[in-house]
Amino acid sequence: MVRQLGSEIDALSMERLTPHEIVRELDKYIVGQRAAKRAVAIALRNRWRRQQLAPELREEIAPKNIIMIGPTGVGKTEIARRLARLTRSPFLKIEASKFTEVGYVGRDVESIIRDLTEIGVKLVRDEKNQLVRETAIRNARERILDILLPDSRRPAARPAFVSSPVPEEASSGETREKLGRWLDEGKLDEREIEVDVKEQGFPSLEIFTPQGVEEMGINIKEMMPGLFGGKSKRKKMRLGDAREVIIAEEAEKLVDQQNVAREAIERVEQSGMVFLDEIDKIAGRQNASNGPDISREGVQRDLLPIVEGTTVNTKYGMVKTDHILFIAAGAFHVSKPSDLIPELQGRFPIRVELESLTEADFGRILREPKNALTMQYTALLGTEGVTLQFGDDAISEIARYAALVNEKTENIGARRLHTILERLLDELSFEASEMNGTSVTIDAAYVQRILGETVKDEDLSRYVL
């Protein structure tokens, strides 16, 4: 029943997410890049369309993977991440260059799917835990009361720390009821109790096998469960801290973990997303003769079966990658998409180029998104009792400096705004704890006073901004 409910919720949300609606949601956080937003919106909507088809036709339709081409800091990663959040899909961001770090092949590419499955399991488990949280809270309450009153069957039982409020002749039930009220009101949160806590950690073993490090670790844990976790350890904790630990344990008892694994695999297979960043770093010309290029082509050939569709063995079961959506991204300053091996190129039929950010874009980024940097800094300093305001002239000046520094030095896109605002607010951030109740307005003159000389000196701005 729980699984069906979750599927209905997903179907309803996907039905509402038309391409126009998806673009509108992305516009709340990302400025510009209309073509990229349209491409991912269509890819996401096609997933919903595929689910409406007959099973025999549904299996034949492969996802249309995307390559985003554009400089750093223009929103490639953020588009993919926000897309996954919209649909509560398992999402993994990984750099393709990681697979060139060891030898010619590097890290096992199947670890991409294992990591994605772990994310899917955590996603589903968290959802299931939320569904049973109310029951888990009630069970945890009774368990805590059992700890406070270990001998509750004896008449007139009471904990050692209860004195005058509970009379000697009070019954066990009355004492338990009074303690329950105190517990609900938080009056006992500072008391220390002893609880049995499961040890989650286990020693890390790096054993290289054809199946990967993860699988060997699982087999050893199955052979020696007592050595690798599963044991409980008695700890003394504040009751307020212990409550959440006990609630988590009670929720785990109420959730069918095998069902979680099955649903997670299904979600990974049908709606999983992998963002392959820096794919241009593994694109090398075939006529190149140096070692790294040979390594790059080897990595591409290793990635090909995963993108094309294969079955990967994980500790939760076999995962098919046929319908996982892959979104690759790269700056392609030195190489170009046609430098990828033809087989891999064919698996990324959608190519979309993201535009470099202009001065006007920087101004919009500082004003419009729901998570705008100016809003973040205002909220941060507000915790110190400082009211921070940015004037329109200040935002225009910050945008101008960001565009200028990107033009004169390395173009790092919107990330330049982070470095400029940190420099701009450095003194204020340091002194804010001593300025409770103060109101500060940042205007163009303030921006020029702090940043003007630094931006003019190209060598200095290269290091500072």
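This is a predicted model: local features need pLDDT of at least 70, side-chain atom pairs count only at pLDDT 80 or more; totals for chains, interfaces and linings use all residues.
**View 1. The five-stranded open sheet.** Five strands pair in parallel and form an open sheet in the order β2-β5-β8-β1-β9. Its edges are β2 (91–95) and β9 (350–353), each of which pairs on one side only. From one strand to the next, the twist averages 20°.

**View 2. Strands β5 and β8 with helix α5.** Strand β5 (residues 273–277) is joined to strand β8 (residues 325–330) by four bridges in the parallel sense. Across this pair, phenylalanine 275 stands opposite isoleucine 327 of β8. Helix α5 (residues 76–87) lies across β1 (66–69), β2, β5 and β8, and runs at about 170° to β5.

**View 3. The crossing of helices α6 and α11.** The axes of α6 (residues 111–131) and α11 (residues 257–271) come within 8 Å and cross at roughly 125°; α6 is therefore oblique to α11. The crossing is right-handed. Residues in contact include Leu116, Gly120 and Val124 of α6, and Val260, Ala264 and Val268 of α11. By class, the contact comprises eight nonpolar, four polar and five charged residues.

**View 4. Strands β10 and β11.** Strand β10 (residues 387–390) pairs with β11 in the parallel sense over four bridges. Leucine 388 stands opposite valine 440 of β11. In a regular strand, side chains alternate between the two faces of the sheet. Strand β11 (residues 439–442) has Val440 and Ile442 on a covered face, whereas Ser439 and Thr441 lie on an uncovered one.

Note on methods: Residues are numbered from 1 along each chain as its sequence is written. Side-chain values use heavy atoms; hydrogens and water are left out. Buried means under 20% relative accessible area, exposed over 50%, partly exposed in between (1.4 Å probe, protein chains only). Helices (H or I, at least four residues) and strands (E, at least two) are DSSP runs, numbered from the N terminus. Two strands pair if DSSP finds at least two bridges between them. Axes are lines fitted to C-alpha atoms, for helices over the stretch in contact, and angles run from 0 to 180 degrees between N-to-C directions. Angles under 35 degrees count as roughly parallel, over 145 as roughly antiparallel, 65 to 115 as roughly perpendicular and the rest as oblique. A crossing is left-handed if the near helix is turned anticlockwise from the far one by less than a right angle, and right-handed if clockwise. Contact means heavy atoms within 4.5 Å. Ala, Val, Leu, Ile, Met, Phe, Trp, Tyr, Cys and Pro count as nonpolar, Asp, Glu, Lys and Arg as charged, and the others, Gly among them, as polar.
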